[in-house]
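Work through the exercises below with the model open beside you. Try each task before you read its solution.

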Amino acid sequence: MDPLELFRNETESILGSILGKKGIDHRPEFGDAPKGLGDAAFPCFPLAKVLKMAPVKIAEELAEECKAHLRRSDFRLIEKVEAAKGYLNFYYNEKELMRLTLRAIDEMGRDYGKGKQRKERIILEHTSANPNGPFHVGRARNPIIGDTLARILRFAGCDIVTEYYVNDMGKQAVILAWGIDNLKGKVEKGKGKNDHRLVPFYQRASALMNENPDVLEEINAMLKRYEKGDRKIGKEVQHYCSLILEGMKHTLREMNILLDNYVFESRYVYNRDVTGVIEKLRQSDYSREEHGAYYLELEDFGIQGRETRFFYTRKDGTSLYTTRDLAYHLDKLRRGDRVIDVLGEDHRLQARQLAIALGELGEEKKPEVIFYAFVSLPEGKMSTRRGRVVYLDNLIEEALERAYKEVHKRRPDLSEEDKRRIAKIVGIGAIRYNIIRVQMEKSMVFRWEEALNFEGDSAPFIQYTHARASSILRKAGDEGSVLKEEAAGYLLDPNELALIRALARFPGLVQECAYRLKIHTMASYLRETARLFNQFYRECPVLTAPEGEREARLLLVRAFRSVIATGLGLLGIEAPEFM
RNA sequence: GCCCCCAUGGCCUAGUUUGGAUAUGGCACCAGCCUCCGGAGCUGGGGAUCUCGGGUUCGAAUCCCGAUGGGGGCACCA
């Protein structure tokens with residue numbers, strides 16, 4: 001149930017019929033009016049030319065006709081219509097707005113805002129980081145964006161499956177295996193989880209390969225045998241990859257991120273899908289060959305730059321990463337109605353090449369790709385090689401520690417167990433929120449003080465309002481639920497109305513987030529709604545309010561707490577009862 | 001060399017896709033608010049020629065062209 005949708009329907013219907021009578025084929029499009037000037041605004045400027053009238057005049061005339069129309073019919077939700085500076089402003093009947101919104105939330109609880117279940121299946125690929133070392137924060141945007149998007153789409157009603165594509169084939173994977181095999185005892189193991197323990201082997205092997213042509217030769221030979229189907233090498237490489245992946249999964253779990261499927265790249269070589277892709281691509285009109293290696297000439301597709309060729313086999317006939325990715329995408333497109341990929345912006349060109357190649361393979365559907373810009377450090381790009389990285393695990397550790405100190409300072413009365421639990425909820429929330437609050441195409445510079453911000457525009461700020469609301473409800477016990485339809489009659493303060501307006505927007509916002517694949521708007525919404533609650537909290541005492549008013553306010557607090565908890569949940573952030 | 005993305009107060013950011021009324025919040029700064037439901041909060045204040053230059057339009061942060069600055073990419077790597 002979307003309280004605003006009903007209102008929109010009424011305004012569109014009334015204005016549509018009036019314009020229709022005038023013979024104007026103009027589907028009314030509404031915008032938001034500035035504060036205090038109504039709930040839906042119709043700009044009359046575009047009509048000026050058609051009607052040969054001043055916009056101000058048009059607005060006044062239309063307002064009169066709307067008023068007449070309103071008197072004749074039963075549009076309950078529209079309170080009034082006014083003309084102002086060339087705009088036609090519709091006002092939502094405040095009592096109805098409050099009644100409908102509070103009732104919807106009270107009845108639906110945590111399902112308020114949930115979209116109708118759709119049949120169409122979405123496969124969302126995200127994270128897919130190479131299993132050769134721990135996550136660093138430069139790449140942490142991917143799993144957080146991906147997981148949040150999945151949560152929102154699912155809530156919006158989509159049938160969605162999330163997938164991590166594991167690169168257990170290719171050079172990276174072989175370098176790691178070569179390193180572990182050949183450098184045992186020569187390289188000091190890292191500490192802790194598998195990903196940290198084993199990454200030094202990868203780093204050292206990678207360096208050796210660049211210095212020493214013999215090593216490179218060895219690794220290439222190993223790679224070739226692997227791809228040609230050598231079971232022993234295959235098993236070994238995959239084993240090391242999965243060891244590291246285990247450590248990486250642990251980090252994801254810490255961040256409240258669980259994926260449905262882990263799809264291994266090697267599978268598409270073993271099941272011959274990759275061979276099929278190569279054979280089919282060779283029949284493309286754009287396919288060429290050079291020294292035994294095959295490529296697609298993409299100049300005609302608008303690909304520009306130094307190199308317009310897109311290689312899909314090496315000269316030894318083995319596949320490349322993108323070839324295997326093509327097989328994976330064909331598989332995904334077969335399994336799902338929509339395919340969404342979350343990728344770093346360094347993959348923009350590859351994504352275009354992939355889309356073109358899919359077309360050449362006869363695939364009509366295309367993956368929808370969303371790109372995020374990188375997180376860098378104040379001193380520059382993150383680089384594992386130069387030791388200029390912040391690992392996600394270290395960030396998490398730091399966040400939990402700082403959150404623990406805060407909790408301990410503010411709530412020394414809590415048990416040790418509670419303090420730890422709250423610290424985790426707050427620390428992880430702060431990290432996730434900090435990534436999500438910014439539009440993903442904007443690059444961001446990682447700063448500890450921002451990533452661990454617990455005030456203002458942050459998850460802890462929102463979580464705090466949830467704890468406050470919970471505290472009130474705890475003290476009130478189960479009262480308040482007696483009042484339902486009449487509650488609106490007691491809510492007369494502008495702060496109450498402002499808060500309810502925000503709660504009414506929630507269902508529409510969920511759909512918009514899902515439709516546009518924009519998730520930062522959910523973060524903005526929650527921050528704004530939490531702010532409104534704090535203002536209400538300050539101005540409208542609940543527990544000490546007189547009979548009636550007290551119950552009505554309790555209903556509002558309960559509604560707020562429910563929506564804010566649902567919203568935080570969509571961001572993968574927990575909402576504590578106290579903190 | 002060529003292609004793509006980004007640019008909003010000292011710093012971070014919303015609004016840009018679908019042009020519309022006074023440009024959204026936060027941090028920092030200044031001044032206030034706990035005998036009162038939790039001050040991780042609230043109120044007030046100062047601070048923005050929306051990078052620059054053209055154009056389209058009744059109207060541009062938003063659309064178009066150009067420039068500048070920053071980021072990314074242009075492998076028989078992934």
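## Exercise 1: the RNA surface

Seven elements each supply at least two residues of the surface near RNA strand B: β3 (87-92), α6 (171-182), α12 (321-335), α13 (348-360), α14 (392-410), α17 (459-476) and α19 (520-539). Keep in mind that this is a predicted model.

**Task.** Find how many residues surround RNA strand B, and which are the closest. Then sort the surface by residue class.

**Solution.** 

Step 1. Select the protein residues with a heavy atom within 4 Å of the strand. RNA strand B is surrounded by 67 residues. The closest are Y87, K315, R410, R516 and Y537.

Step 2. Turn to the RNA side. Of the atoms of RNA strand B that come within 4 Å of the protein, 61% belong to sugar and phosphate.

Step 3. Sort by class. The surface near RNA strand B has 27 nonpolar residues, 25 charged residues and 15 polar residues.

Step 4. Take R516, one of the closest residues. R516 sits in helix α18 (residues 494-516). Its relative accessibility is 46%, so R516 counts as partly exposed. The C-alpha atoms of R516 and D111 are 21 Å apart in space, and the two residues are 405 apart in sequence.

## Exercise 2: base, phosphate or sugar

**Task.** Which part of RNA strand B does Q350 approach, which part does Q439 approach, and which part does D457 approach?

**Solution.** 

Step 1. Start with Q350. One of its polar side-chain atoms lies 2.5 Å from a base nitrogen of RNA strand B.

Step 2. Go on to Q439. Here a polar side-chain atom lies 2.5 Å from a phosphate oxygen of RNA strand B.

Step 3. Finish with D457. This residue uses a backbone N or O atom, which lies 3.1 Å from a sugar or linking oxygen of RNA strand B.

Step 4. Q350 reaches a base, Q439 reaches a phosphate, and D457 reaches a sugar or linking oxygen.

## Exercise 3: the largest cavity

**Task.** How many cavities of 30 Å³ or more does the structure hold? Then say where the largest cavity lies in terms of domains.

**Solution.** 

Step 1. Count. The structure holds three cavities of 30 Å³ or more. The largest cavity has about 130 Å³ of space.

Step 2. List the lining. The largest cavity is lined by 15 residues, and the closest to its centre are V375, N434, I435, F446 and A451.

Step 3. Assign elements. α14, α15 (416-436), β13 (444-445) and α16 (448-451) each supply at least two lining residues. α15 gives the most, with three residues.

Step 4. Sort by class. The lining of the largest cavity has 12 nonpolar residues, one polar residue and two charged residues.

Step 5. Domain 2 (126-376) and domain 3 (392-570) both give residues to its lining, so the largest cavity lies between them.

## Exercise 4: the second largest cavity

**Task.** Which residues line the second largest cavity, and which helix gives the largest share?

**Solution.** 

Step 1. Take the volume. The second largest cavity has about 50 Å³.

Step 2. Name the lining: M98, R99, L102, R103, K484, E485, A487, A488 and L555.

Step 3. Find the main contributor. Helix α4 (residues 94-108) gives the largest share, four residues.

Step 4. Sort by class. This lining has five nonpolar residues, four charged residues and no polar residues.

## Exercise 5: a buried charge

**Task.** Where is E496, and which backbone nitrogen lies 3.0 Å from a polar atom of its side chain?

**Solution.** 

Step 1. Locate E496: it is in helix α18.

Step 2. E496 has 0% relative accessibility, so it counts as buried.

Step 3. Find the partner. The backbone nitrogen of D493 lies 3.0 Å from a polar side-chain atom of E496.

Technical notes:
Residues are numbered from 1 along each chain as its sequence is written. Chains are lettered from A and ligands numbered from 1 in the order in which they are written. This is a predicted model: local features need pLDDT of at least 70, side-chain atom pairs count only at pLDDT 80 or more; totals for chains, interfaces and linings use all residues. Side-chain values use heavy atoms; hydrogens and water are left out. A polar contact is a pair of N or O atoms within 3.5 Å; within protein, one must be able to donate a hydrogen and the other to accept it, and residues adjacent in sequence count only if both atoms are side-chain atoms. Ala, Val, Leu, Ile, Met, Phe, Trp, Tyr, Cys and Pro count as nonpolar, Asp, Glu, Lys and Arg as charged, and the others, Gly among them, as polar. On a 1 Å grid over the protein atoms alone, a cavity is a set of points where a 1.4 Å probe fits but cannot get out, and a pocket is an open set with protein on both sides within 12 Å along at least five of seven lines; lining residues have an atom within 4 Å of a point. Grid points are joined across faces, edges and corners, and a volume is the space filled by probe spheres set on the points. Domain bounds come from an automatic or database domain assignment. Buried means under 20% relative accessible area, exposed over 50%, partly exposed in between (1.4 Å probe, protein chains only).
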